[in-house]
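Good morning, everyone. Please have a look at the screen while I take you through one protein chain.

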Amino acid sequence: MAVLAEQESGSAARILGAARELVLKRGVKGLTVAEIADRAHVAKGTIYLHWSTREDLLVGLFGRDFLASHDEFAELLTADPDAARPSRLLPLLLQSTVDHPFISALQSEDEDLLGVLTQHPRSAKLLENLGPAALLRVALPVWRRHNLARTDWEFDEQAYALQALLLGFLATAVERRALAIIAVDEPARVIAAAVTALLGPEDPGPGDIRATADAALADLATRRAALLESIGN
C-alpha cells in the first residue's frame, strides 16, 4: 500500500525522490525496483512495504506531480482571486503542465519517458480526472455564470472549441518543434488574447471574481481528496 503524501516516511520520500530522478534521467523502460532501491539507499523489500508493484510506485509518483500542481493553484487563487479569470488561468494552466514533467508526459503520451505506463488505466484516470482539460470542463460553467465567458454560444460547442484551443497550445508547448518556424516573445499574452477572442470580453460584476475563485478552490479541494485516495491505494 502506498503512503499518503502528507504521511510519507523518510524512506518513502527517498524512494520517491530516487524514482523521480531515475525516470527523468532514463525513462521507465527497463527500470527495476532494485535500481530504485539502490539509488534510494534502502533494501529492495522496503519498497514493497509501501507499494505492491513497480507500477504502483511509478503511478503514485505521477500522481504527486498532479498534487503539486493542484496545491500551487490553490495557493495562488487564495492569494490572488483574480487569477481565476480565463485570460489568466489558461496561460497559468498551460505553464503548470509544462513545469510538471509527468503531467506533460502523460498529456503528450511520451512513451520514451513513460513507456507503456502512458496507457496504464490509472495513468489514464489521472489525466482524465485531473488533467488540464478536466479542469476546464468544470471551470467553463462557472465562467459563464459569472460574466467571464459569453453565454450566446451553445455550451457543448463552446466547451469543444475551448478544449481544442487548450490542447493545441499544450501540443505547441510540450512539442517544442511544433511551431519551430514561428516564435513570439510573450506566449502567455498570445494565449490570453486567444482565450478572450474565443470566450468574449470578461465583464464580472461585484463579487463575481471572488465567487469564481471560491468555486475553483472548492473543486481543487475535492479533486485533491480524490487524488490522495487514489495514490494512497
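What distance separates the centres of domain 1 and domain 2, taken over C-alpha atoms? The answer is 29 Å. Keep in mind that this is a predicted model. The domain assignment puts residues 1-51 in domain 1 and residues 62-232 in domain 2.

Now to the aromatic rings. How many aromatic pairs does the structure hold? It holds 1. The partners are Phe62 and Phe102, with ring centres 5.2 Å apart. Their planes stand at 45 degrees, so we call this pair tilted. To count as stacked, the planes would have to be under 30 degrees apart, and to count as edge-to-face, over 60. Phe62 sits in helix 4, residues 54-79, and Phe102 sits in helix 6, residues 101-107. The pair therefore ties together parts that are 40 residues apart in sequence.

His70 is buried, with 3% relative accessible area. Its contacts, again leaving out residues up to four places away, are Leu130, Leu135, Leu220 and Arg223. Remember Leu130 and Arg223. They come back in a minute.

Next, helix packing. Take helix 8, residues 121-130, and helix 12, residues 208-231. At what angle do they pack? It is about 175 degrees, and the axes are 11 Å apart. Angles over 145 degrees count as roughly antiparallel. Helix 8 and helix 12 are therefore roughly antiparallel to each other. From helix 8, the residues that meet the partner are Arg122, Leu126, Asn129 and Leu130. From helix 12, they are Arg223, Leu227, Ser230 and Ile231. By type, the residues of the contact between helix 8 and helix 12 are 4 nonpolar, 2 polar and 2 charged.

Helix 8 also packs with helix 9, residues 132-145. Here the angle is about 30 degrees, with axes 5 Å apart. Under 35 degrees counts as roughly parallel. That is why helix 8 and helix 9 are described as roughly parallel to each other. Which residues make the contact? Helix 8 gives Leu127, Glu128, Asn129 and Leu130, while helix 9 gives Pro132, Ala134, Leu135 and Arg137. The residues of this contact divide into 5 nonpolar, 1 polar and 2 charged.

One last stop. Gly131 is in the loop between helix 8 and helix 9. Is Gly131 buried or exposed? At 0% relative accessibility, Gly131 counts as buried. Neighbours within four places aside, Gly131 is in contact with Phe66 and Leu126. Now look for Gln107, which is 24 residues from Gly131 in sequence. In space, C-alpha to C-alpha, Gly131 and Gln107 are 7.8 Å apart.

That's my tour. Thank you.

Terms used: Residues are numbered from 1 along each chain as its sequence is written. This is a predicted model: local features need pLDDT of at least 70, side-chain atom pairs count only at pLDDT 80 or more; totals for chains, interfaces and linings use all residues. Side-chain values use heavy atoms; hydrogens and water are left out. Rings of Phe, Tyr and Trp (its six-membered ring) pair if their centres lie within 6.5 Å; planes under 30 degrees apart count as stacked, over 60 as edge-to-face and the rest as tilted. Helices (H or I, at least four residues) and strands (E, at least two) are DSSP runs, numbered from the N terminus. Domain bounds come from an automatic or database domain assignment. Axes are lines fitted to C-alpha atoms, for helices over the stretch in contact, and angles run from 0 to 180 degrees between N-to-C directions. Angles under 35 degrees count as roughly parallel, over 145 as roughly antiparallel, 65 to 115 as roughly perpendicular and the rest as oblique. Contact means heavy atoms within 4.5 Å. Ala, Val, Leu, Ile, Met, Phe, Trp, Tyr, Cys and Pro count as nonpolar, Asp, Glu, Lys and Arg as charged, and the others, Gly among them, as polar. Buried means under 20% relative accessible area, exposed over 50%, partly exposed in between (1.4 Å probe, protein chains only).
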